[in-house]
Amino acid sequence: MDRVVFIAEKETFVVRVLEKKIVDAHKDCIFVKNTLSDVKEVLTNSCLVVLYIDDDTRIQEDVLRFLEVRMREDLGGFILIGEQVHINAIRKQIPEHYIYKAFVRPVNNEEFLEAVSEYFEKGDIDDFKKRILIVDDDPQYLSLIRQWLNGMYKISVANSGLQGIKYLGKNKVDLILLDYEMPVTSGPQVLEMLRSDEDTKDIPVIFLTGKSDKDSVMSVVGLRPEGYLLKSIEKEKLIEKLDEFFVKQK
């Protein structure tokens, strides 16, 4: 059964009303207090987490950190309820692509229930994840980056520029990470081909490059790349940069 975990400081009348709406819609709903030990006991794979913030309390920092890690591992999502200032604060701490909906109090009960139902109707949590295509001729590098990003994003790979273009002929993506230096068809050539096609001209592209290529990357600014990332970038920094990119895109 679809599970909703409702996290709040206390189970107020408003919270109980929302919980009843969820149960009446034939979904499992469990309330848990805003403490790390309590949250750890009830969180399950791919559940929907509702964070309810009232005027007097905020979601604990350790709870937010734990939830973010579990979302990355188990592919769940969030609905936020609270004052706009509290919602904005949480958005700074949790990657935007995990937040399905946010409601400013007082929440419309029917709109809330519609969002919960819609979340589970999509069936596959992959529908909520951003899609990234990585194009690089180095199979070891492709494997490494794919391993780093799997779970957080929906990852596809191509080991040549032409293979990447062929993939895009049948699939949609939200971002392309494109190797600047590739044999046969280089990164700039691939980007030029993408920009000349009506179906791919607006797909954001970030170059993957060695330190010596930074000046070369900037020489193709007319093709509108989003910028570049050094191939030597560490995992956490890469994830941080991608999260920042998608927040700006929203």
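Okay, one term before we start: two residues are in contact when they have heavy atoms within 4.5 Å. In this chain, among contacts between residues at least 6 apart in sequence, 63% join residues at least 24 apart.

A word on where this comes from. It's a predicted model, with pLDDT of at least 70 needed for local features and 80 or more for side-chain atom pairs, while totals for chains, interfaces and linings use all residues. Residues are numbered from 1 along each chain as its sequence is written, and side-chain values use heavy atoms, leaving out hydrogens and water.

So, the inside. Of the chain's 250 residues, 48% count as buried, meaning under 20% relative accessible area, with exposed over 50% and partly exposed in between (1.4 Å probe, protein chains only). The largest nonpolar core has 44 residues, and Leu 51, Leu 149 and Leu 177 have the most contacts inside it. A nonpolar core, by the way, is a set of buried Ala, Val, Leu, Ile, Met, Phe, Trp, Tyr and Cys residues joined through side-chain atoms within 4.5 Å. Another core, of 20 residues, lies apart from that one, and Val 107 and Ala 115 are among its members.

Now look at helix H4, residues 84-91: its buried residues are His 86, Ile 87 and Ile 90. They sit on the same side of H4 because they cover an arc of only 100° around the axis, taking directions from the helix axis to the C-beta atoms. Helices here are DSSP runs of H or I, at least four residues, and strands are runs of E, at least two, numbered from the N terminus.

Last stop, Val 184: it's in the loop between strand S8 (175-179) and helix H8 (187-195). Val 184 counts as exposed because its relative accessibility is 81%.
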